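Please look over the sequence and the structure shown below. The paragraphs that follow lead through selected parts of the fold.

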Amino acid sequence: MDGKKLEYKGEAALKEIERLTSEADIVQQNILREILGQNQKTEYLSKFSRGSAMDIREFKNSVSVITYKAIQPYIRRIAHGEDSSLITGKPITEMLCSSGTSAGEPKMMPSIEEDIDRRTFLYNLIMPIMSRYLAGLDEGKAMYLYFVRAEMSTPCGLPARTVLTSFYKSNHFKNRAPDAYHDFTSPYAAILCDDDYQSMYCQLLSGLVHRRQVLRLGAVFASAFLRAVSFLERNWGRMCDDIATGRLDPFITDPECRSSMSSMLPSPNPTHAAEIREICSSPSWKGILCRLWPRAQYIEAVVTGSMAQYIPALEHYSEGKLPLVCTMYASSECYFGVNLRPLCDPRDVVFTLLPNMGYFEFIPLGGNGMLVMDIDEDEEVSGRKLVDLVNVRVGCYYELVVTTFAGLYRYRIGDVLQVTGFHNRAPQFRFICRRNVVLSIDNDKTNEEDLHKSIAVAKKLLEPHDALLVEYTSRVDTSSVPGHYVLYWEIKHHPRSPPSAASSDNSVANKPALDDRVLEECCIVVEEELDYIYRRCRSKDRSVGPLEIRVVSPGTFELLMDFFISQGGSINQYKTPRCIKSSAALELLDGNVEASFFSPRDPTWRA
């Protein structure tokens, strides 16, 4: 990428967006030619080539549409020391750990040095876009809560880390030129501290110290921001003590954090501490964000997809006075686009895909404005079915496919998008969902197959007690922070001897008579069988709470079927949904809960 683009600010950035979107078709063709030119000698592309340099026509006619399963052997070989030329013409500098998993472990995405330029380019567009709608954002600070994950290494020594950890540790972030739009409350040392507790404490304390200068609040994901609010509820008293005395709590032991925070607490400030203490002592925290940070103009966080479940909580803590802003669309594989109308209702967020970020194609999902998931996650897709970026149709649904400089070719991202319109020649998309994701609270993404396998193992614990799992479904419960998975189980109990005439009512015989410890153990067995990311969120990050099993009374799932059929479903085609989102259906289930059980301990997780 042209390094000059990294310097775009203000009107120059907005003009570049207009140029790119006006010439979206030309930019896309040039990007693909550049990718093919750079990577034409790779082992991966060579197997599709007739010997000469691959052109766009041959690429579209020959290169397969793939999932992670197809590229994983090449990534594994590079991770074990083979040359990057297996898939890309530039050296792979790191592997990015995706929130998705393969066989229970994080997917690893290849990244080359210039990828950080593309990510920085997109980040640099955000404030020029925001400044079109809100003036004076350069006259104060941003309290953005950023966190890194502990790094791993591949067998050959390449760093393996999340895309955000990569960015926060890059020179583009830590050595950026002074800029009033990027004046953060958090010290760099606090962001880089991989002890989440100490990092969170120092970042929130910094935000309270600078509370009257803060114009923007945020975190990457809505779930992380709410986790910070919950943390503040538990720790504001200690933070007030720190401000009042001018001394950092001794439990902060990270030397870099202590050093950076010492300059932020140069002297006792009991008046400031008393103001915060009075606000936080309120019996209701409704609107607390506006009282603690009275100059804040908006909250920035991802609130699309599974994160939309947190919108009511964010609106509660802001009393609906702060816009919820979702600025960009990105993944570990590629950064995609920006929200050109950032102050829109969070339920109406659409993203404009920028054609210089990668080469984009789309698998049609249905037609005439109807979403039909008729292509399985691992089903082979003909390249001839794919639609180019500028040829998608308004109202239609697609699965995103990307080709990158770092060695992903016609790779299915797994995101389902709907076209809502165009900005110049570039389409705008609403994010609909991740393909096959049933449950998600933070970085965890549990699909139906993984959930089923986990429950299949756990339900075996019922058999020695003459009990049978008849049916199940699930939901996420975000009424408290952190949120947690809830499983609804209908259990049939088989008595060892026939019921007496006095207890001929089958409901008595079927009532589960199980020791609480059995069902608690079922909870932890389900968690142990879920993937690496879920177990990390539970045990390390504490961003997901203990799994809960709610045992419902016999016949509940028949009532659930009756409900869905009454809503227009067909009894011939009815299948119990493995995740429930309908508020009426959840009310039915919760109205029939007989007992509730939680995991008694954390699942196993190792870095």
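In what order do the 8 strands of the open sheet stand? The order is S9-S10-S11-S16-S15-S14-S12-S13, with antiparallel pairing; strands are DSSP runs (E, at least two residues) and helices are DSSP runs (H or I, at least four), numbered from the N terminus, and two strands pair if DSSP finds at least two bridges between them. Strand S9 (328-330) and strand S13 (387-388) are the edges, each with a single partner strand, so one side of each has no neighbour in the sheet.

This is a predicted model, in which local features need pLDDT of at least 70 and side-chain atom pairs count only at pLDDT 80 or more, while totals for chains, interfaces and linings use all residues. Residues are numbered from 1 along each chain as its sequence is written, and side-chain values use heavy atoms, without hydrogens and water.

Within the sheet, strand S10 (residues 335-338) pairs with S11 in the antiparallel sense over 2 bridges. Here valine 338 stands opposite threonine 352 of S11.

Strand S12 (residues 359-364) contains glutamate 361. This glutamate 361 counts as buried because its relative accessibility is 1%, where buried means under 20% relative accessible area, exposed over 50%, and partly exposed in between (1.4 Å probe, protein chains only).

Helix H1 (residues 10-22) buries Ala13, Leu14, Glu16, Ile17, Leu20 and Thr21. Seen down the axis of H1, these buried residues fall within an arc of 155° (taken from the directions from the helix axis to the C-beta atoms), so they line one face of the helix. The face turned away from that buried side carries the exposed residues Glu11 and Lys15.
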